[in-house]
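Have the sequence and the model open as you read.

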Amino acid sequence: MSEDLQDQMLEDVGAAVGAKPDPDHPGWLSWGEFPRGSFAAATGRIVFKPEGPNRAIVRMFPTQDHMNMGGSIHGGAVMSFIDMSMFAGGLVAGMERSHYVTLDLTTHFLARGQAGTPLDAHVEIVRQTRGHVFLQGVVRQDGANCYSFSGTLKKVRSGNPAKR
């Protein structure tokens, strides 16, 4: 299959721009590795897939680098992953393609996540308007709820002006 045809098919199912099937995780999509030194690179590789209308799953692979001094996944690492999950999950769940920024994010810490076992963010689009997308979800590890969240993405007219 040509790369152009594969890209078109991914666009048809709502894959996030630039996403490709992940060679190490069949059935999942990814953006590959984030640029070295970028903030996103600290989260590590994430993979994502649709889970039905308005729903998606986004997976992170926590390592010892994500741990806090108390022996669980650092809250900042969790919230960064959830923020990224709203974008990746929202796009594969059917969010309108556009440029967005996070307007708000509320997270509830229900249990301590551990390194070595994937975290799965189950993302749901609650509502889309002309200017906002409202999302909610739960992050599970080994089937147990660890974190719940709700957030709003705001549509902006263009991408980051510093990148122009």
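## Ground rules

Burial first: with a 1.4 Å probe and protein chains only, buried means under 20% relative accessible area, exposed means over 50%, and partly exposed is in between. This is a predicted model, where local features need pLDDT of at least 70, side-chain atom pairs count only at pLDDT 80 or more, and totals for chains, interfaces and linings use all residues. Residues are numbered from 1 along each chain as its sequence is written, and side-chain values use heavy atoms, with hydrogens and water left out.

## Aromatic pairs

Rings of Phe, Tyr and Trp (its six-membered ring) pair if their centres lie within 6.5 Å; planes under 30 degrees apart are stacked, over 60 edge-to-face, and the rest tilted. That rule gives three aromatic pairs. F109 and Y147 make an edge-to-face pair, because their ring centres sit 5.5 Å apart with the planes at 80 degrees. F109 belongs to strand β5 (residues 99-109) and Y147 to strand β8 (residues 144-156), so the pair ties together parts 38 residues apart in sequence. Strands here are DSSP runs (E, at least two residues), and helices are too (H or I, at least four), numbered from the N terminus.

F109 is partly exposed at 47% relative accessibility, while Y147 is buried at 2%. Elsewhere, W31, F34 and F48 form one aromatic cluster.

## Around I82

I82 sits in helix α2 (residues 75-93) and is buried, at 0% relative accessibility. Skipping residues up to four places away in sequence, I82 touches L105, T107, V139, Y147 and F149 (contact means heavy atoms within 4.5 Å).
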